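This briefing covers packing in the structure shown below. It is grouped by topic.

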Amino acid sequence: MSVPVLDRVPGQPAAIAFLRGAAERPHHAYVFAGPEGSGKSLAARAFAAALLCRRGGCGDCRDCRLAEDDHHPNQFIVEPEGRDIHVETIRTEVWQPASRTAPEPGRKLFIVREADRLSPQAADTLLKVLEEPPADAVLLLLSARAHELPETVLSRCHVVTFTALAEAFVVEELIRGGADDVRARLAARLTGGNLGRARRLAGSEEGLRFRDAARTAIELAAGGPAGALEAADVVLQAAADYKKGMKEELKQELAPFLDDRGQLEEAYRGAIRRLELRFQRRERRAERDYVDWVLLGVSALLRDAVASEVGGGIEVLLNPDLMGEAGGARLPVVRAARGMAAVEEARAALAEDINLNTRLVLERAFLRLGDVAA
């Protein structure tokens, strides 16, 4: 027996109860507000499925399956390109299609992720849609910093609040999904309770490879300047390998739109083009994102080294299976803490400015880590 899509969203009973009622008579716009990892994206997909499904989100039909995978032709996904969501993106992916006939009969769903990154011009263009919304369009704005959205935008949306998920809840969900206890706790701690990331990490050995690169980088950086430069190479190579592994994703995403001969159906040309553009954006971000994961792994290992040295037990470690090991390198508390600061500064710099030379940022961070480790 299939489970309705909204019933599959865990850990947010109040938000889901509201959305279950809203699906019957939806408002034209919603803001899903809550911290990273609280389930906003999962809820947005489920709500979209409930609005696109002829049976209100049965969880079993084609509409539900496509919506839950972000692949429905009537589903328009908007994401930052670089630091911001630009005005041209809102024009072409929201404003223009909102006024057109939907690719398939039914509603059109517009999901804007990280909506607080809207540029002022993009927010103004989105506001035009919110002020005169088409009858068949519903907009979902997702944000971990909803207070940064313009008041003119917020005032025209229903705000649905999502709360942070407790580690114990995330662990329970992962174990229910088949992960063993140790793996579940490791995934929950490394991802800070982000259920989506925790599921990916707990589901395969591939999910932990960023940590392997982090451990190697620490060992190399601890050996001095030459090792620090080699550590940067290790991180960049790991990121490049990750990007190569994405090649099959686009084929899988386009599969529902192939005809019996394996050719792309002309009727879905617009939806196919949107999928291709989104994949290209993910691919462009892939290496920078993976570099951030590795640096996060470095930071977590150094933090555990500090925690262990000052008497912290396994219950406070982010990597409980390694028992406070910092990539095989034994670092004094003060030096590990300073190294962690250097790595976090690198993460902040790369997040703030997409035009920075990633190699130079990494080399500087690992040279500082090597210096404090000497």
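In this predicted model, Leu-295 touches Val-343, Ala-346, Arg-347, Leu-350, Leu-362 and Phe-366, leaving aside residues up to four places away in sequence. Leu-295 is also among the residues with the most contacts inside the largest nonpolar core, together with Leu-174, Val-298 and Phe-366.

**Nonpolar cores**

- The largest nonpolar core has 47 residues.
- Helices that give two or more residues to this core include H7 (167–176), H11 (225–244), H13 (269–309), H14 (333–352) and H15 (358–373).
- H13 supplies the largest share of this core, 9 residues.
- In soluble globular proteins, nonpolar side chains tend to be buried together.

**Helix H12**

- Leu-250, Glu-253 and Leu-254 are buried in helix H12 (residues 247–254).
- These residues lie on the same side of H12, because they cover an arc of only 90° around the axis.
- The buried residues of H12 pack against H13.
- Lys-251 and Gln-252 are exposed, on the face of H12 turned away from its buried side.

**Strand E1**

- Strand E1 (residues 29–33) is mostly covered, with 5 of its 5 residues buried.
- Ala-29, Val-31 and Ala-33 are buried on one side of E1, and Tyr-30 and Phe-32 are buried on the other.
- E1 pairs in the parallel sense with strand E4 (residues 137–143) over 5 bridges, and Val-31 stands opposite Leu-141 in E4.
- E1 also pairs in the parallel sense with strand E5 (residues 158–161), over 4 bridges; in E5, Val-160 is the bridge partner of Phe-32.

**Aromatic pairs**

- The model contains 8 aromatic pairs.
- Tyr-30 and Phe-47 form an edge-to-face pair, 5.3 Å centre to centre with 85° between the planes.
- Tyr-30 is in strand E1 and Phe-47 in helix H2 (residues 40–52), so this pair ties together parts 17 residues apart in sequence.
- Tyr-30 and Phe-47 are both buried.
- Tyr-242 and Tyr-290 count as stacked because their ring centres are 4.8 Å apart and their planes are at 20°.
- Tyr-242 counts as partly exposed at 24% relative accessibility, whereas Tyr-290, at 5%, counts as buried.
- One aromatic cluster is formed by Phe-18, Tyr-30, Phe-32, Phe-47 and Phe-162.

Technical notes. Residues are numbered from 1 along each chain as its sequence is written. This is a predicted model: local features need pLDDT of at least 70, side-chain atom pairs count only at pLDDT 80 or more; totals for chains, interfaces and linings use all residues. Side-chain values use heavy atoms; hydrogens and water are left out. Buried means under 20% relative accessible area, exposed over 50%, partly exposed in between (1.4 Å probe, protein chains only). Two strands pair if DSSP finds at least two bridges between them. A nonpolar core is a set of buried Ala, Val, Leu, Ile, Met, Phe, Trp, Tyr and Cys residues joined through side-chain atoms within 4.5 Å. Contact means heavy atoms within 4.5 Å. The arc is that of the directions from the helix axis to the C-beta atoms. Rings of Phe, Tyr and Trp (its six-membered ring) pair if their centres lie within 6.5 Å; planes under 30 degrees apart count as stacked, over 60 as edge-to-face and the rest as tilted.
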